[in-house]
Amino acid sequence: MIMSLIRWPIGRLILLLNFIFSPKSPKRTVEEQKKVDENTKNLSLYQLPSCPFCVKVRRTIKREGLNIELRNINQKNDYREELIREGGKRTVPCLRIEKNNGEVQWLYESSDVITHLQQLVKTA
Ligand SMILES: N[C@@H](CCC(=O)N[C@@H](CS)C(=O)NCC(=O)O)C(=O)O
């Protein structure tokens with residue numbers, strides 16, 4: 001009870017600071033952006049709005065100018081259940097990576113997700 005009372009204002013503060021100090025997206029040509037979008041088209045991020053680790057990943061998404069679907073696990077039970085059933089645990093952030101052969105990989109740990117996203121931008 002006390003923890004959720006503390007967590008709520010901290011979450012709001014994180015969102016406010018994130019809004020004020022929002023990173024800028026890079027300027028790309030249409031062609032360049034198309035290549036990046038192609039590399040990230042099969043990704044979706046399971047996350048929560050005020051989770052600091054999710055904010056860190058979303059800031060990378062913005063800074064790198066990526067179009068990745070965000071799936072709020074509190075907004076849709078299906079997302080939470082999917083994450084637990086297929087990913088193995090309910091920790092967020094988690095990046096769902098659908099490979100070209102249909103195989104799905106669930107990548108946990110914000111730092112690993114960020115490294116993966118930056119790698120995709122480099123190879124675009
Ligand atoms: N080391 C992880 C920490 C992630 C984490 O602690 N996420 C919290 C939300 S802020 C969470 O999902 N906790 C619930 C759980 O692990 O079941 C990361 O960097 O991604």
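These legends describe close-up views of a predicted model.

**View 1. The shell around the ligand.** Nine names make up this view: Cys 51, Pro 52, Phe 53, Arg 90, Thr 91, Val 92, Pro 93, Glu 109 and Ser 110 surround the ligand. Sorted by class, five residues of the shell are nonpolar. Two are polar and two are charged.

View 2. Start with Thr 91: an N or O atom in the Thr 91 side chain is 2.7 Å from an oxygen atom of the ligand. Next comes Ser 110, with a side-chain N or O atom 2.6 Å from a ligand oxygen atom. The side chain of Glu 109 faces another element: one of its N or O atoms is 2.9 Å from a nitrogen atom of the ligand. How much of the ligand's accessible area does the protein cover? On its own, the ligand has 510 Å² of accessible area, and the protein covers 65% of this.

**View 3. A cis peptide bond at Pro 93.** The bond between Val 92 and Pro 93 is cis, with omega at about 0°. Pro 93 sits in the loop that runs between helix H4 (77-87) and strand E3 (94-98). Both Val 92 and Pro 93 are among the residues that surround the ligand.

**View 4. Glu 109 in its loop.** Where does Glu 109 lie? Its place is the loop between strand E4 (104-108) and helix H5 (110-122). Phi of Glu 109 is near 80°. That value is positive, and the residue is not a glycine. Is Glu 109 buried or exposed? Glu 109 counts as exposed because its relative accessible area is 51%, and the cut-off for exposed is over 50%.

Note on methods. Residues are numbered from 1 along each chain as its sequence is written. This is a predicted model: local features need pLDDT of at least 70, side-chain atom pairs count only at pLDDT 80 or more; totals for chains, interfaces and linings use all residues. Side-chain values use heavy atoms; hydrogens and water are left out. Helices (H or I, at least four residues) and strands (E, at least two) are DSSP runs, numbered from the N terminus. Buried means under 20% relative accessible area, exposed over 50%, partly exposed in between (1.4 Å probe, protein chains only). A residue is near a molecule or strand if one of its heavy atoms lies within 4 Å of it. A polar contact is a pair of N or O atoms within 3.5 Å; within protein, one must be able to donate a hydrogen and the other to accept it, and residues adjacent in sequence count only if both atoms are side-chain atoms. Accessible areas come from the Shrake-Rupley method with a 1.4 Å probe; for residues, only the protein chains shown count as cover. Ala, Val, Leu, Ile, Met, Phe, Trp, Tyr, Cys and Pro count as nonpolar, Asp, Glu, Lys and Arg as charged, and the others, Gly among them, as polar.
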